[in-house]
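Visitor: Could you take me in for a close look at a single part of this one? I'd like to start at one residue and see what lies around that spot.

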Amino acid sequence: MGLTTALSNALSGLNVTQSSLDVTSQNIANAQTAGYSRKIQNNVMNASNGQTRGVSTGQVTRALDDVLQRSVRAETTNSGFINSKAEYLNRMDAIFGKPGSTDAIDTLFNTLNTSLQGLVTSPESDVARTKVVSEAQLLAQRLNSMSTDLNGLRSQTERSLTEAVGQANNLLGQIESINKQVISQFALGGMSYQNALDARDKAIADLSELVDLRVNNGEQGAISISTSNGTVLFDGTALKLNFDGRDSLTAQSRWSADSTKRDVGTISILNNNGTSYDLIAGKSIRGGKIAGLLELRDTAFVDAQAQFDELAAQLALSLSNTTTQGTAATSGAATGFDLNLSPLQSGNTFSVEVQNGAARSIYTFIKTTDATSAAAISFGPTTAGDRTVGIDFSGGLSSVVSQVQAALGSGYTVSNPSGSNLRILDDGAAATTNVLAASTSSTITSLQSGKAALPLFLDPGSVSGYFTGAPENGGQTVGFAQRISLNTTVLNDPSALVVFSSTSAAGQGDPTRPQAILDAIKNSSHTFNPKANIGSTSTPYQGTLGGYLQRIISLQSGKAESANSLQDSQSVVLNNLQARFEDSTGVDVDQEMASLTVLQQMYSANARVVSAISDMFDVLLRMAN
């Protein structure tokens with residue numbers, strides 16, 4: 001090997017070592033930089049005629065495991081979804097109050113029952129009456145505050161969605177800017193190019209926490225990004241997300257694809273062709289923090305509100321509604337009952353117990369004033385064959401007759417014999433059907449009706465001030481938990497709890513009404529609307545008010561507990577994946593320092609070779625002279 005060749009080899013070694021030192025130094029300097037991946041200097045041995053002719057610097061690359069990177073992104077998306085739900089579901093669970101505390105909803109409910117039992121025992125006691133009124137008012141106020149707090153949580157999810165969509169737009173803008181750098185530096189390669197890839201990956205990782213992503217590689221280092229269902233978010237240009245959030249939400253606030261019926265925000269995207277696409281309507285967002293917030297706002301919290309409202313509704317109706325048994329009726333061999341429907345208000349019911357062969361079932365018909373609300377409240381049959389059916393009264397009694405006939409079937413005869421009376425008969429001599437009982441349930445509005453029922457809880461949001469469960473215009477039940485209030489007449493004169501006719505004396509110790517109130521609240525079984533997602537349309541929940549309250553508490557507490565457990569498990573999964581990813585792509589300072597030492601030694605060795613060759617050339621020059 002000649003001196004010239006040796007000098008060339010040493011100089012190439014110096015150049016390559018210097019480049020490697022620069023790469024190693026940057027690795028050490030950025031060891032704690034988020035999103036930075038370890039860089040590798042790929043050196044190339046030069047050869048000619050089978051002999052090594054020095055080395056040259058190759059491309060700088062990243063230590064990157066693509067498979068692990070995709071896994072980390074996917075689990076980051078899952079964590080964003082789970083974490084957002086866990087945070088809000090825990091806050092939702094806290095609305096019920098700490099179990100056993102004096103202000104917990106179940107404590108207040110049980111305290112009212114205890115006070116009622118005391119009034120049954122001592123109906124003449126002013127103290128006992130006042131205590132019941134006070135406890136009933138506290139229960140109503142607790143339902144008010146719970147509903148208000150829940151609406152506050154829904155409003156907070158709306159604000160969180162505004163923030164999350166803003167973050168997504170910022171990140172998409174960053175990705176667009178960095179993507180242009182990547183493309184411009186693609187041909188050059190080097191550290192700047194690789195660092196730009198790191199910066200873009202960091203922005204994509206942050207975006208994956210907000211929404212589920214699919215990243216596709218293009219030419220010259222370019223990428224495109226879509227949601228997991230294929231909706232494009234970035235394709236060289238960042239598409240802008242728009243969220244038209246509302247300042248505050250109420251119990252009535254709902255999402256709808258129809259903008260005229262929607263009173264919560266929706267997320268749309270403006271495509272490059274100028275058209276707008278609704279991501280919620282298209283079910284384009286299926287994971288990440290944004291999907292979690294949407295599920296909370298539009299499902300979990302709506303269900304919880306419906307459960308609060310149904311509890312409040314059944315509490316009011318159980319006390320204010322009075323049952324009137326039907327009058328026996330016959331026509332030839334056919335037997336059944338006549339019902340007077342004139343006292344019924346919208347939301348009130350009439351029931352018929354029938355028998356087909358050996359099977360018995362109860363049909364509960366709810367009065368409405370339009371076909372839409374009638375169809376919306378029908379559900380059943382239950383496991384016992386019971387059904388709840390909405391009946392539109394707007395077409396008069398003849399229409400009511402037709403609707404009831406259609407519900408009961410051909411084994412029965414339904415007619416309007418006179419006035420507001422409805423007659424329901426069995427099949428007579430055929431003896432295959434039987435009408436066992438029939439009754440109406442109507443709302444009492446007077447405190448001295450002569451009946452034990454009383455309007456203890458009112459709805460100040462209704463025109464009449466009374467609660468009947470009217471289903472029109474979305475339903476009186478929606479938001480009732482926030483409106484329910486104690487009858488001020490009873491509040492001012494607690495003797496109404498025992499005086500139920502104009503001839504009764506306030507000082508009398510009549511336990512009839514207190515006992516009826518206690519039975520309605522504590523012992524009576526009710527069928528709860530399955531739209532609150534406790535029970536189903538085929539098997540609606542049937543039980544006491546206390547049982548329903550415990551189901552609500554158990555359900556919401558279970559959701560929070562499940563979310564916490566899932567959050568803990570997901571945290572372990574994500575942390576393990578991130579640790580593996582860091583091991584494969586991150587900077588090990590000790591290893592880099594060791595490499596730095598070796599490179600310094602290599603640089604020093606090549607420098608000595610250059611110095612020695614330089615000395616040799618000097619000697620040769622002196623000899624030549």
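Predicted model: local features only at pLDDT ≥ 70, side-chain atom pairs only at ≥ 80, totals over all residues.

Guide: Asp-510 comes out as partly exposed, because its relative accessible area is 23%, and the cut-off for buried is under 20%. You'll find Asp-510 in the loop between helix 10 (488-492) and helix 11. Leaving out residues up to four places away in sequence, Asp-510 touches Pro-123, Val-498 and Phe-500. Its side chain also has a polar contact of 2.6 Å with the side chain of Thr-512.

Now look across to Thr-121. Along the sequence, Asp-510 and Thr-121 are 389 residues apart, yet in space their C-alpha atoms are 9.7 Å apart. That brings us to helix 3, which covers residues 105-121. With 17 residues at 1.5 Å a residue, helix 3 should span 24 Å, and its end C-alpha atoms are 25 Å apart, so the two values agree. What do they pack against?

On the helix 2 side the contact uses Gln-69, Arg-73, Thr-76, Thr-77 and Gly-80, and on the helix 5 side Asp-201, Ile-204, Ala-205, Ser-208 and Glu-209. Sorted by class, that contact has two nonpolar, five polar and three charged residues.

Five strands make up an open sheet in the order 9-17-12-13-14, with mixed pairing. Strand 9 (321-325) and strand 14 (387-392) are the edge strands, each pairing on one side only. On average, neighbouring strands here are turned by 25 degrees against each other, direction ignored. Strand 9 and strand 17 (residues 433-443) run antiparallel and are joined by five bridges, and Asn-321 has Thr-443 in strand 17 as its bridge partner. Helix 6 (residues 288-320) lies across strand 9 and strand 17, at about 50 degrees to strand 9. Helix 8 (residues 397-408) lies across strand 12 (349-356), strand 13 (359-368) and strand 14, at about 160 degrees to strand 14.

Methods: Residues numbered from 1 in each chain as written. Heavy atoms only, no water. Helix = DSSP H or I, 4+ residues; strand = E, 2+ residues; numbered from the N terminus. Expected span 1.5 Å × (residues − 1). Buried < 20%, exposed > 50% of the residue type's maximum accessible area, 1.4 Å probe, protein only. Contact = heavy atoms within 4.5 Å. Polar contact = N/O pair within 3.5 Å; in protein donor to acceptor, adjacent residues only side chain to side chain. Pairing = 2+ DSSP bridges. Axes fitted to C-alpha atoms, helices over the stretch in contact; angles between N-to-C directions. Nonpolar A, V, L, I, M, F, W, Y, C, P; charged D, E, K, R; others polar.
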